[in-house]
Amino acid sequence: MNQNYQLLMEQTIAGLNTGFTADKPPRLLLHSCCAPCSSSVIKRLAEHFQLTVFYYNPNIDTQDEYLTRASEQQRLIDHYNETCGFPYRIDYQVREYRHETFLEMAEGYTECPEGGERCLRCYRLRLEATVQEAAAQGFDFFCTTLSLSPLKSAAKINEIGMSLETDRCRWLPSDFKKKNGYLDSIKLSKEFGLYRQDYCGCEFSRKPDA
């Protein structure tokens, strides 16, 4: 039986009134792969959490591409903070670009198809860094925008996330493509004029003519 991670997220959010108050809201570190994917995710979560977006994607194949996506993420967050009136200001953290970290992880898996073992190891690499930062900074929850993509397995992403959670920093289950999340991200990206890349990030995911 397939697990409904969207429902699990809703149930988790519904239970947030236990142990948290308006003066001490639950803190969530949200790993983001890019601004377009985060656009609808942030709107879904910012009403319930004191949110910090964490940009860490060593899979991206060039520093220029990394910085372009990071800059677009900042632009989106600035827009939301200035216009949306969420209960809490959205914060932003960017980790230094180190593509060699991804290449070391991908060694021996470069010929894997998209969505295969290389991608699963890449998800884990980024989520390990996210939970490490979340635990070090006292966040209550961590999560990722990765499940927004129709091309990525929400089941695998949640399996990895749940394996990394601790007693102090819980994984927020999610399937952000549900309830039109992916379609909303496309609409918001067009509305805000966000840069949308045509490949996941690594050199192995590029089309031959890209």
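Predicted model: local features only at pLDDT ≥ 70, side-chain atom pairs only at ≥ 80, totals over all residues.
Residues are numbered from 1 along each chain as its sequence is written. Local features need pLDDT of at least 70, side-chain atom pairs count only at pLDDT 80 or more, totals for chains, interfaces and linings use all residues, and side-chain values use heavy atoms, with hydrogens and water left out.

**Exercise 1. The core**

Find the size of the largest nonpolar core and the residues with the most contacts inside it.

Solution. 
- Start with the terms. A nonpolar core is a set of buried Ala, Val, Leu, Ile, Met, Phe, Trp, Tyr and Cys residues joined through side-chain atoms within 4.5 Å. Buried means under 20% relative accessible area, exposed over 50%, and partly exposed in between (1.4 Å probe, protein chains only).
- The largest core has 59 residues. Leu-28, Ile-42, Leu-45, Phe-49, Tyr-80 and Leu-172 have the most contacts inside it.
- Helix α5 (residues 117–136) supplies the largest share of this core, 8 residues. Helices (H or I, at least four residues) and strands (E, at least two) are DSSP runs, numbered from the N terminus.
- Now take Leu-172. A contact means heavy atoms within 4.5 Å. Setting aside neighbours within four places in sequence, Leu-172 is in contact with Met-9, Thr-12, Leu-28, Leu-45, Phe-49, Phe-141, Phe-142 and Cys-143.
- Thr-12 is found in helix α1 (residues 5–14). Thr-12 is buried, because its relative accessible area is 15%. Beyond four places in sequence, Thr-12 is in contact with Phe-141, Arg-170, Leu-172 and Pro-173.

**Exercise 2. Helix α2 and Ser-39**

Solution. 
- The buried residues are Ala-35, Pro-36, Cys-37, Ser-38, Ser-39, Ser-40, Val-41, Ile-42 and Leu-45.
- They pack against α1, β1, β2 (50–55), α3 (63–83) and α7.
- Ser-39 is buried because its relative accessible area is 0%.
- A polar atom of the Ser-39 side chain lies 2.6 Å from the backbone oxygen of Pro-36. This is a polar contact: a pair of N or O atoms within 3.5 Å; within protein, one must be able to donate a hydrogen and the other to accept it, and residues adjacent in sequence count only if both atoms are side-chain atoms.
- Not counting residues up to four places away, Ser-39 touches Leu-76, Tyr-80, Ser-185, Leu-188, Ser-189 and Leu-194.

**Exercise 3. A helix pair**

Describe how the axes of α5 and α6 cross.

Solution. 
- Two packed helices are described by the angle between their axes and the distance between the axes.
- The axes of α5 and α6 (residues 154–164) come within 10 Å and cross at roughly 35°. Axes are lines fitted to C-alpha atoms, for helices over the stretch in contact, and angles run from 0 to 180 degrees between N-to-C directions.
- The crossing is right-handed.
- From α5 come Leu-120, Tyr-123, Arg-124, Leu-127, Glu-128 and Val-131. From α6 come Lys-156, Ile-157, Ile-160, Gly-161, Ser-163 and Leu-164.
- The residues of this contact divide into 7 nonpolar, 2 polar and 3 charged.

**Exercise 4. Positive phi**

Report phi for Lys-179 and Asn-180, and say how accessible Lys-179 and Asn-180 are.

Solution. 
- Most residues other than glycine have a negative phi.
- Lys-179 has a positive phi of about 55°. Phi of Asn-180 is near 65°.
- Lys-179 lies in the loop between β5 (170–171) and α7 (181–192). Asn-180 is found in the loop between β5 and α7.
- Lys-179 is exposed, at 56% relative accessible area. Asn-180 is partly exposed, at 48%.

Note on methods. Left-handed = near helix turned anticlockwise from the far one by under 90°. Nonpolar A, V, L, I, M, F, W, Y, C, P; charged D, E, K, R; others polar.
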